[in-house]
Amino acid sequence: MTTKQNIQIIDSLYSAFSTGDMPTVLGLMHPKIEWNEAESNSLADGNPYIGPDAILEGVFARLGANHEYFGLQDVKIHAMSDNMVLATLRYDAKVKATGKSYNAQAAHLWTLNDDGKIIAFQQYVDTKKLADSEK
């Protein structure tokens, strides 16, 4: 895959996520994708999540259950070499249990295989902001 194609795949993932189109999001992932939440993030307790079903249950379902809303803002996608794509963005969310909102800076490092399937994800985020909103 070309760098441009990799960027288009990741862009389509964020577009699908923003509309709640989970079948498209999960369909872009390789069956053996390795997904890692940032260290100290409460969702990192399942690291590494292996496969789309584990990600759906361990990350996306928990985000939905724990938040009144969870959105992505200011998504910028950056080309990298070796089938990697970097996205910089912000999480805009409100935690149900505490009623606290947060707007946190994040970065996502995606790795794709030569067939255009996502094989790895690493999240980097302001974990203190997330943790403070959960207290």
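The expected span of a helix is 1.5 Å times one less than its number of residues. In this predicted model, helix H3 (residues 52-66) has 15 residues and covers 20 Å between its first and last C-alpha, close to the expected 21 Å. H3 also gives the most residues to the lining of the largest pocket.

**Helix H3**
- A kink of about 30° is centred on Phe 60 of H3.
- Phe 60 is also one of the buried residues of H3, together with Pro 52, Ile 55, Gly 58, Val 59 and Leu 63.
- An α-helix has 3.6 residues a turn, so residues three or four places apart point the same way.
- The cover over the buried residues of H3 includes helices H1 (3-18) and H2 (22-27) and strands S1 (29-36), S2 (49-50) and S3 (67-79).

**Largest pocket**
- The volume of the largest pocket is about 320 Å³.
- Its lining has 26 residues, and those closest to the centre are Glu 37, Val 59, Leu 63, Phe 70 and Gln 123.
- Five lining residues come from H3.
- At least two lining residues each come from H1, H3, S3, strand S5 (101-112), strand S6 (118-125) and helix H4 (127-133).
- By class, the lining comprises 16 nonpolar, seven polar and three charged residues.

**Gln 8**
- Gln 8 lies in helix H1.
- Gln 8 counts as partly exposed because its relative accessible area is 46%, between the 20% and 50% cut-offs.
- Gly 116 is 108 residues from Gln 8 in sequence, while their C-alpha atoms are 9.9 Å apart in space.

How values were computed:
Residues numbered from 1 in each chain as written. Predicted model: local features only at pLDDT ≥ 70, side-chain atom pairs only at ≥ 80, totals over all residues. Heavy atoms only, no water. Helix = DSSP H or I, 4+ residues; strand = E, 2+ residues; numbered from the N terminus. Bend = angle between axes of the 7 residues up to and from the residue. Buried < 20%, exposed > 50% of the residue type's maximum accessible area, 1.4 Å probe, protein only. Contact = heavy atoms within 4.5 Å. 1 Å grid on protein atoms, 1.4 Å probe; cavity = no way out; pocket = protein on both sides within 12 Å on 5 of 7 lines; lining within 4 Å. Points joined across faces, edges and corners; volume = space filled by probe spheres on them. Nonpolar A, V, L, I, M, F, W, Y, C, P; charged D, E, K, R; others polar.
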